[in-house]
Amino acid sequence: MKNYFIYYDNKYVRQTDATLPVLSASTQFGLNVFEGIRVYKEDFYYIFRLEDHLKRLNNSLNLIGFNTKVISKQEFLNIIRELIILNNIKSDFSLRFTYLINEIDSWSSHKLPTFFIAPLIRKRNSADNYKTAILSKTRRISKLAMNPRIKCGANYINGRYALLDARNNGADLPILKNQDGFISESSGACVFLVKNGVVITPSLDCDILESITRDTVIKIFLENNYKVEERFISEAEFNECDEIFVCGSAAEITPIKLTNKTDFCIGELTKFIFDEYQLAITAKSYNNHLWTTKIELSK
Ligand code: PMP
């Protein structure tokens, strides 16, 4: 999509016309909160877990001290319909939904934030698209310093350090430990291990983002009678597991090969959750959860 339309500051504008002052609080200090939301094109467009994304964004707005509430689901859907039509989108896409301060101010700004919603063409993952990962020397930000549960731009600089370090060491992704040395998460995704048929993931008090995909994955495994443990994971346990995958709205389910392992073939439970997740995001299964919001353009 070349110079496509986005919704910014209450208007539909071309992406290149959506500007903000270089000295705005958001440009200078990374002061923004956002969500990355997936839309899957089948017979209709399906937004995955929209209510949960709106809820988390509202929570982030509140925690970061922005004096506004997230727009309603109905307002959001009206904007998305219009963006699909204006941009003639006919494939899977993702949405960046960001609240920011577009006025010149300091990091302590109490100016009223505005928001943009921008579509980005992004196809769903394929199971053979595995990534390599390495344990990072960079630790995950502590909840005592910068709350990792707030999805704010500045928190991603922690992920940036770890990601650059991973790439310099020949891996696609970093896996970060927290301040206490327990496994936390990847730079933009949560992490799951499998050991002896048990699914294990760091608990919410391991300085992770309260990931919507993580919640989906846990629910799918439990409903299919797998054992799931949310708890602290040591480095030794991490290195000895049978399977690893990361998950997130963008990463979906991404199988992981550790750089210290020589061979790789996708693990049984990773393949299972990959397939089930595909069914969930396209409303072919797990519909009792009301995870998908269908968009019909004619209405
Ligand atoms: N952890 C971090 C640091 C992330 O940036 C993301 C992506 N939002 C995730 C986990 C996964 O969260 P979600 O499943 O809600 O997209």
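**Close-up views of a predicted model**

View 1. Numbering runs from 1 along each chain as its sequence is written, and side-chain values use heavy atoms, with hydrogens and water left out.

**View 2. Polar atoms at the ligand.** A polar side-chain atom of Thr213 lies 2.5 Å from a ligand oxygen. For Ser211, a side-chain N or O atom is 2.7 Å from an oxygen of the ligand. Lys151 places a polar side-chain atom 2.7 Å from a ligand nitrogen. The protein covers 95% of the 380 Å² of accessible area that the ligand has on its own (Shrake-Rupley method, 1.4 Å probe).

**View 3. Salt bridges at Arg124.** A salt bridge puts a side-chain nitrogen of Lys or Arg within 4 Å of a carboxyl oxygen of Asp or Glu. The whole structure holds 20 of them. Glu42 and Arg124 form one, at 2.7 Å from N to O. Glu42 lies in the loop between strand 3 (32-41) and strand 4 (45-48), and Arg124 in the loop between strand 6 and strand 7 (131-135), so the pair ties together parts 82 residues apart in sequence. Helices (H or I, at least four residues) and strands (E, at least two) are DSSP runs, numbered from the N terminus. Asp92 also bridges to Arg124, with the closest N and O atoms 2.8 Å apart. That pair ties together parts 32 residues apart in sequence. Asp92 is buried, at 7% relative accessibility (buried is under 20%, exposed over 50%, partly exposed in between; 1.4 Å probe, protein chains only). Salt bridges that share partners join Glu42, Asp92, Arg124 and Lys284 into one network.

**View 4. Asn158 in helix 4.** Asn158 lies in helix 4 (residues 156-168). Its relative accessible area is 7%, so Asn158 counts as buried. The side chains of Asn158 and Arg140 are joined by a 2.8 Å polar contact (N or O atoms within 3.5 Å, one able to donate a hydrogen and the other to accept it; residues adjacent in sequence count only if both atoms are side-chain atoms).

Technical notes: Predicted model: local features only at pLDDT ≥ 70, side-chain atom pairs only at ≥ 80, totals over all residues.
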